[in-house]
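User: Hello! I have a model open and would like to talk through it with you. Could you help me read it?

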Amino acid sequence: MKPLKVALLGCGVVGTQVIRLMHDQAADLAARIGAPLELAGVAVRRLGRKRDVEIDPALFTTDAEALVTRDDVDIVIEVIGGIEPARTLIVSALSRGKSVVTANKALLAEDGATLHEAARKGNGDLYFEASVAGAIPLLRPLRESLAGDHVKRVLGIVNGTTNYILDKMDTTGASFTDALEEAQTLGYAEADPTADVEGFDAAAKAAILAGLAFHSRVTAADVHREGITEITATDVASAKAMGYVIKLLAICARSDDGRSFGVRVHPAMIPRTHPLAGVREAYNAVFVEAESAGQLMFYGKGAGGAPTASAVLGDLVAVARNRLAGTRGPEESTYADLSAHPMGDTVTRCHVALDVADKPGVLARVAELFAKHDVSIQTVRQEGHGDDAQLVIVTHRATDAALSATMEELRDLDIVRAVASVMRVEGDD
Ligand SMILES: NC(=O)C1=CN([C@@H]2O[C@H](COP(=O)(O)OP(=O)(O)OC[C@H]3O[C@@H](n4cnc5c(N)ncnc54)[C@H](OP(=O)(O)O)[C@@H]3O)[C@@H](O)[C@H]2O)C=CC1
Ligand SMILES: N[C@@H](CC=O)C(=O)O
């Protein structure tokens, strides 16, 4: 059988593992596909660099455009990352009828529409399982297995680097900086780790998940995003003392009337008894709630070369099979055409710590302000006294707009010395 030729764009953390798996599992892959795969070339930025995989040096090129437009190339795997030149290269390949497998969530969340349109016009496949939650099969279940159900909510931990950092801060007391350095060494972080710690990576993944779950076009601009850079060792320790753990969550939820959805990424306190609290290191876990299926949980390695390459190889086998059968996988589904509602409309709960004057009437004035904005208080307690007095308040559910307005006014209250911390609470109602 004639081999299917594969062009690989990028040979870094993920690309080297893709080459290793294609080599080590060549016979099995050929049997599963019905034809052997042959690596046609590997595009990189710098030639002569030591690579963590055995490969014929003649396969390397810095001319990625020439590689993807070669007539003999059937499938292109893009693991360069970023917007350009990845977008131009993928569109070039798709418009020539090649199939593309990519792990590039940043690009899919920025301009997935252009890629899907190029795939449709070129009659090729665009698969991207590795773009969300590393090794975990999550997009295919949403795209295919749950195509007959009505997904209401997708919630979880989708960034390995930030989970690694928060876990190390919680369990070993490591500093933010040390934990981030470890995550970079282990190959979890993006080329620019700001994408991880500021929540951009999780926001891109949330946009992809929301698009698939709600059959609508969702971009990173639709996602409310907050990162973890403001979280201090004190926040982590006080959450721990109260039986909570801080996690960076991605939450995509349909509105109650089903006419819109909210997509958000932010740190949240969750009870230590919640299943997401036990998600350690760079692992990811995602709950999908669908009308008929009920609650499903997906768990596994969310980052790293080999786990991500596993997802890439799964897509490679799928697109290779489709090519041999002369078919295509499912197209982008955007028929519902729902739009994202503003963060202010989202209903959440808040944990607030206020440095206050320790004198009569303080609690009453603080409570009055919450009531003014229709925010109901679930628990309140005072910690410390005198100059160290702090009121720790947990609210009932309220709109984010009401909670934000309350926090704004609290900052101006003469009896409040400082709003020491504000964090959303999830998973204990
Ligand atoms: N690392 C992970 O855990 C995961 C990563 N991803 C995604 O996978 C993709 C790749 O990530 P990762 O492997 O970590 O990234 P790396 O930074 O490790 O590798 C990027 C590779 O792309 C090459 N490259 C960069 N610019 C160009 C260019 N202009 N032309 C040709 N080649 C270029 C680099 O070449 P050179 O080596 O010469 O510098 C390098 O080999 C990203 O989209 C990332 O978001 C998805 C899930 C998990
Ligand atoms: N930087 C990402 C890699 C996988 O998508 C992460 O840490 O999750």
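Predicted model: local features only at pLDDT ≥ 70, side-chain atom pairs only at ≥ 80, totals over all residues.

User: Which helix gives the most to the shell around ligand 1?

Analyst: There are 29 residues around ligand 1, and those that come nearest are Gly10, Gly12, Val14, Gly81 and Ala303. By class, the shell holds 15 nonpolar, nine polar and five charged residues. The helix that gives the most, with three residues, is α1 (residues 13–24).

User: How do the residues around ligand 2 divide by class?

Analyst: Let's start with who is there: Gly134, Asn159, Gly160, Thr161, Tyr188, Ala189, Glu190, Asp196, Asp201, Gly302 and Ala303. Sorted by class, this shell has three nonpolar, five polar and three charged residues.

User: Which helix gives the most to the side of domain 1 that touches domain 2?

Analyst: In the contact between the two, 16 residues of domain 1 meet 21 residues of domain 2. The domain 1 side divides into ten nonpolar, three polar and three charged residues. With six residues, the helix that gives the most to that side is α5 (residues 105–122).

User: Which strands stand at the edges of the open sheet of six strands, and why does each have one side without a neighbour?

Analyst: The strand order is β3-β2-β1-β4-β5-β6, and the pairing is parallel. A strand at the edge has a single partner, so one side of it is left without a neighbour in the sheet; here that applies to β3 (60–61) and β6 (126–127).

User: In that sheet, which residue of β5 is the bridge partner of isoleucine 77?

Analyst: Strand β5 is joined to β4 by four parallel bridges, and to β6 by two, also parallel. In β5, Ser99 and Val101 point one way while Val100 and Thr102 point the other, and all are buried. On the β6 side, tyrosine 127 stands opposite valine 101. The bridge partner of isoleucine 77 is valine 101.

User: At about what angle does helix α12 run to β5?

Analyst: Helix α12 (residues 305–325) lies across β1 (4–9), β2 (37–43), β4 (75–78), β5 and β6. Relative to β5, the angle is about 170°.

User: Is histidine 341 buried, partly exposed or exposed?

Analyst: This residue sits in the loop between β13 (339–340) and β14 (347–356). Away from its sequence neighbours, histidine 341 touches Ser255, Ser260 and Gly262. Burial needs 20 or more C-beta neighbours within 10 Å, and exposure 12 or fewer. Histidine 341 has 16 inside 10 Å, so the class is partly exposed.

User: What is omega for the cis peptide bond between glutamate 84 and proline 85?

Analyst: Most peptide bonds are trans. Proline 85 is in the loop between β4 and α4 (86–95). The bond joining glutamate 84 to proline 85 is cis, with omega about 10°.

User: What is phi of aspartate 374?

Analyst: Most residues other than glycine have a negative phi. Aspartate 374 lies in the loop between α13 (362–372) and β15 (377–383), and is exposed, with 11 other C-beta atoms within 10 Å. Although aspartate 374 is not a glycine, its phi is positive, at about 65°.

Key: Residues numbered from 1 in each chain as written. Chains lettered and ligands numbered in written order. Near = placed C-beta within 6 Å. Nonpolar A, V, L, I, M, F, W, Y, C, P; charged D, E, K, R; others polar. Contact = placed C-beta atoms within 7 Å. Pairing = 2+ DSSP bridges. Axes fitted to C-alpha atoms, helices over the stretch in contact; angles between N-to-C directions. Lists of a residue's contacts leave out its neighbours within four places in sequence.
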